[in-house]
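Here are my notes on the packing and strand pairing. Please read them with the model open.

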Amino acid sequence: MAEQIKVPTMSEMLSNGETPDILFWVGCSGSFDQRAQKITKAFVKILHHTGIKYAVLGAEENCTGDPARRAGNEFVFQMMAAMNIQTLNGYEVKKIVTACPHCFNILKNEYPELGGNYEVIHHTELLQQLIDDGRIKIEDGKAFKGRRITFHDSCFLGRGNGIYEAPRQIIKALDAELVEMKRSRSNGLCCGAGGAQMFKEPESGKKDINIERIEEALGTEAPVVASACPFCMTMLSDGVKEKDKEEDVKVWDVAELIAQAQDL
């Protein structure tokens, strides 16, 4: 039977007189979407395995307001941000990690103007740091040794914040063969979910953008497509399903790759 992990909340830690080193901001997708919940669980297993003192807000975590702001509803964004900042400042949070580039971007770059000043890192940055420090060790690459893996750059992580190498270093640590798509890094193609597009029908045109992107991924002939964003995960997985390639091609978050390689 797999080890049961009790994820501590900030309120529980506070009542015990403890302070976590880092707050894990789960995000709406990682909390409620069944596929993204697997990313959350994989990352929690890694945090637990490495002994990092962390906590979540639990029911006190609300949407960051990113989709509302991207859709033009500034009032809703300001309201959500104010609620979250009040909660985070109330707990005197200093450092935040999140697996969602959308949460990462808005917490890091847009909350400071409203009084929310925190050190915010993406989970790929933390995972790379743990690998570099020797706290995550993958013996012989295990399940992914020599396997061909291609990586899809999230726009909010890559072009928005210049984070390109951390996820690639994680894949290389698996002793896998990293193959790039035709368009990658700063030239990477959007999955089609950003800017609140996740919550509406795609714009009319000749082809849905996630289909265009998954065709590029399939062009690498890699059996594994890695992502570092729950929104991208949904769009890429839908593309694989549309192409009837579910049996041949798997879409996994980099945290899931690490968790599998470590048998967590």
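**Notes on the predicted model**

1. Start with Phe24. Beyond its neighbours within four places in sequence, Phe24 is in contact (heavy atoms within 4.5 Å) with Thr40, Phe43, Val44, Leu47, Tyr54, Ala55, Val56, Glu61, Val97, Thr98 and Ala99. This is a predicted model: local features need pLDDT of at least 70, side-chain atom pairs count only at pLDDT 80 or more, and totals for chains, interfaces and linings use all residues. Residues are numbered from 1 along each chain as its sequence is written, and side-chain values use heavy atoms, leaving out hydrogens and water.

2. The largest nonpolar core holds 58 residues. A core here is a set of buried Ala, Val, Leu, Ile, Met, Phe, Trp, Tyr and Cys residues joined through side-chain atoms within 4.5 Å. Buried means under 20% relative accessible area, exposed over 50%, partly exposed in between (1.4 Å probe, protein chains only). Phe24, Ile96, Ile149, Ile171, Leu174 and Leu257 touch the most other members. Helix H11 (residues 254–261) gives the most to this core, five residues. Helices (H or I, at least four residues) and strands (E, at least two) are DSSP runs, numbered from the N terminus.

3. A second, separate core has 17 residues, including Ile39, Ala217, Cys229 and Cys232.

4. Now strand E7 (residues 224–227). Val224 and Ala226 point one way, Val225 and Ser227 the other, and all are buried. In a regular strand the side chains alternate between the two faces of the sheet.

5. E7 runs parallel to strand E5 (residues 148–151), joined by three bridges; pairing requires at least two DSSP bridges. Thr150 stands opposite Val225. E7 also pairs with strand E8 (residues 250–253), again parallel, over four bridges. There, Trp252 is the bridge partner of Ala226.
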